[in-house]
Amino acid sequence: RFGPSTEVSDPALGTTIMAVEFDGGVVMGADSRTSTGSYIANRASDKVTYVHDSIFVCRSGSAADTQAVADMLRYYLSMHSLEVGKAPEVPTTAQILNQICYSNKNYLMAGMICGGWDERNGGCVYSIPLGGGVFREAYTIGGSGSSYIYGYCDANFRKGMSKQEAQDFVKNAVSLAMWRDGSSGGLIRLVTISKDGVEREMVLGDKLPHLASAWCP
């Protein structure tokens, strides 16, 4: 049989997700394509998911699995914040998320990034890959598109970036991954988290930083 498969599988997030610490907070970003096999089920999905006031997670893997994990995490955090009488901290959130993913690792396909800001730790980024594990990173990338941009990110990341520099870094990296990866596409959703609150930004497809045009004929 020639051509793409016509079989429709479970919705999966063939994805590019990313989070970066900057001087004062965190920038998280993702593309918006959700695929079922070769069919794009949703071209404008939101993979940067709210779990508490100043904490978000980026989701990659099975759409159903990661949505369920995010819902569980949001529930546990609401109970935890009531118990301790204050907002949860980002490291605590990452540990809870890891417990969910690790204890169910045989049943889930979920690679997550946890990022946010709290008074004790400031801006923090944690990677929770497939199968579990908690890794504190100054920046981290994930999903199928991430393999195309490791070189770009390693060459261009530096600690102590300003908010605008971090936002531009995430936009450029995710845009390059979308250019190369057939499972990433649509638009870019950005979430910037700092002591001043949460800012959301959506970069439409015709407004993406098209860096690849510099070497296109």
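When I speak of a contact, I mean heavy atoms within 4.5 Å, and with that in hand, among contacts in this protein between residues at least 6 apart in sequence, 63% join residues at least 24 apart.

What you see is a predicted model, in which local features need pLDDT of at least 70 and side-chain atom pairs count only at pLDDT 80 or more, while totals for chains, interfaces and linings use all residues. Residues are numbered from 1 along each chain as its sequence is written, and side-chain values use heavy atoms, with hydrogens and water left out.

The secondary structure comes to four helices and 13 strands, taken as DSSP runs numbered from the N terminus, with helices being H or I of at least four residues and strands being E of at least two. The radius of gyration, taken over C-alpha atoms, is 17 Å, close to the 17 Å that the globule rule gives for 217 residues, so the protein is as compact as a globular protein of that length; that rule is 2.2 Å times the number of residues to the power 0.38.

Turning to the sheet, five strands form an open one in the order E11-E2-E3-E12-E13, with antiparallel pairing, where two strands pair if DSSP finds at least two bridges between them. Strand E11 (139-142) and strand E13 (197-203) stand at the edges, each with a single partner strand, so one side of each is left without a neighbour in the sheet.

Strand E12, residues 188-194, is joined to E13 by seven bridges, the two running antiparallel, and within this pair Ile188 stands opposite Val203 in E13.
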